[in-house]
2 protein chains.
Amino acid sequence: MFRPEIERMRGYQPGEQPRGTKVVKLNTNENPYPASPKVAEAVAAAVPSLRRYPDPHATAFRMRAADVLSQQSDAITPDWILCGNGSDDILTIVTRTFVGEGQVVRYATPSYVLYQTLAEIQGAAQEIVPYESDWSLGFEFTAPDERLRLAYLANPNSPSGVCLAPGEVAAIADMLPCPLLVDEAYADFADTNCLDLVRSNERVMVSRTLSKSYALAGLRFGYLVAQPQVIEQLGKVKDSYNCDALSIAAATAAIDDQAWLEENVNRVRAGRERLMGGLEGLGFAVTPSQANFVWVTHPRVGHDQLYLSLKERGVLVRYLSYPNWGDGLRITVGDDAQIDTLLAMLGEMV
Amino acid sequence: MFRPEIERMRGYQPGEQPRGTKVVKLNTNENPYPASPKVAEAVAAAVPSLRRYPDPHATAFRMRAADVLSQQSDAITPDWILCGNGSDDILTIVTRTFVGEGQVVRYATPSYVLYQTLAEIQGAAQEIVPYESDWSLGFEFTAPDERLRLAYLANPNSPSGVCLAPGEVAAIADMLPCPLLVDEAYADFADTNCLDLVRSNERVMVSRTLSKSYALAGLRFGYLVAQPQVIEQLGKVKDSYNCDALSIAAATAAIDDQAWLEENVNRVRAGRERLMGGLEGLGFAVTPSQANFVWVTHPRVGHDQLYLSLKERGVLVRYLSYPNWGDGLRITVGDDAQIDTLLAMLGEMV
């Protein structure tokens, strides 16, 4: 009855989402601070419109986002932007637009495990390129392959937090024989981003989300920046009304509040430095992070054991283990009190 | 660069969604009355949770919906329910779970044109069975075909508003060599529904939406009822967080308010009878409707001309033309004032 590709799948396992509020939740890279207060106002104002279908093109958001992005890059107009129900929806749309059954996608590992799920659902083959030990990418990532249709690159990457420079990504895109989706879920926390590459190479697409830097993981709102002729094809694959009226209103208000974003990002970056310093002080090997989380390993104590001990004491971090690669802990940057709690507990464990 | 299936597509064209409020909008089957007031309360209460990811399983909604549906059918538990970002998302998930490239889907015409779009995106072939002139389905709809993987049946159908009896649908499902998706977007306005068939046949799935009868088109919330082992496979294909925190809260509050639903459905049905009577009085052929719209043709006046004349005067209805079948107008049941306005205008045109 089912497609064999689907029956074979294990399915994507999202990080634990306990519904209680007592847990110190440092496992899914949520922002520790509440979203801009303008979001609540915009949501309340949009409720009376729920009787009607939403704008299928999320025009209000695209206009505001185009203004904001144009200040960071060359001029971007709304026809360079596609909105999605979270950037997972964007990744799904991109995959379905470029990759047919039996064709090939490429991505690096360890990285966002959704790329594997999307390939499996599409019935595509996967070329999985291990990161070098310094988190650089070897020549296999750009090697020719006739069946290759799409490459995904999380930048900054998760779980490492490492960010390739735009010049490196440009070189990768130029060598790749297929389109490149640069997944910039964490770019607002980084020193650089790849927005400028979209203009010079029609095969580069950059996805963003409001889940992390705008503190709106519950809203499900992401967007893609690509050349207009690419956006046009992708628009055929998205559900017509993929963004609801409340999320469009909320996302528009959020991206409009760049003062809030700047202050929030500065706080998270300061927390990141403090967290990295504290973990190094406890003997962890800490990968320098450009995101709102850090990837750590410890030379002596088992990572799964640390994860479980923390969980028992009400602190959730992400334990991740990659075949033929190794394991470690990915720890979200919390607020100051959460960082203190975590460091104190770890201090008793290592 | 793109899949040829996508480049060839025209893409689904949603009904016009003018952003102004002065238009009498009877073209996309929105409910003329505002949603339950409990929706606004639930949304406001959910805003502070937006920092965190939503419940990937929309458990609160599924628990409440299971209670409500169990009063209309045999006992249904939450594991029989899958939630989606509108029932379009449900249709997408179902299609991707059952249908591979080069396999076949079947649906009747005229019906919801999204079925064609979903088949095209999936690279599937389409068997399109014309309705008989009395809107019954001939034997072709259940004919054997080895490559057939999924059949869609809108019931009540759009644009006709005709609803096949559960016994007829059960017979179709038994004869079909593949799963059957019964798209019940309009079932709350009908005298019967097919919920009971899900228990007796694992290949029957019933989709619902809150867009129409709950007056929440802007919210994007739909759900599927199917046997748990089917829900399990479908769950691998959906985006992990396909429903956002605000829509889960709003949908849960909406389905909890069955008193509101009953009153609303009664008002819409009363409006439907009045609209049908008025249109018949003007010489239209009116198909008896079980939905919140009516399908009409006129023996003398061109339907496209009527559509344009109404639009010029600020009333939007849906003009639909089907190849080798014919055309007509699909008119949403508005409130009393909207029905009066429409009938008065049409009275001057025919």
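Me: In what order do the 7 strands of the open sheet in chain B run?
Reply: This is a predicted model, where local features need pLDDT of at least 70, side-chain atom pairs count only at pLDDT 80 or more, and totals for chains, interfaces and linings use all residues. Residues are numbered from 1 along each chain as written, chains are lettered from A and ligands numbered from 1 in written order, and side-chain values use heavy atoms, without hydrogens and water. Strands are DSSP runs (E, at least two residues), numbered from the N terminus, and two of them pair if DSSP finds at least two bridges between them. The pairing in this sheet is mixed, and the order is 2-8-7-6-5-3-4.

Me: Which are the edge strands of chain B?
Reply: An edge strand pairs on one side only. In chain B these are strand 2 (81-84) and strand 4 (125-130).

Me: In strand 4 of chain B, which residue is the bridge partner of A108(B)?
Reply: Strand 3 (residues 104-109) and strand 4 of chain B pair in the parallel sense over 6 bridges. The partner of A108(B) in strand 4 of chain B is V129(B).

Me: Is K212(A) buried or exposed?
Reply: K212(A) sits in the loop between strand 7 (204-209) and strand 8 (222-225) of chain A. Buried means under 20% relative accessible area, exposed over 50%, partly exposed in between (1.4 Å probe, protein chains only). At 6% relative accessibility, K212(A) counts as buried.

Me: Which residue of chain B does K212(A) touch?
Reply: Contact means heavy atoms within 4.5 Å. Not counting residues up to four places away in sequence, K212(A) touches several residues, including N29(A), Y186(A) and, from chain B, Y53(B).

Note on methods:
Helix = DSSP H or I, 4+ residues; strand = E, 2+ residues; numbered from the N terminus.
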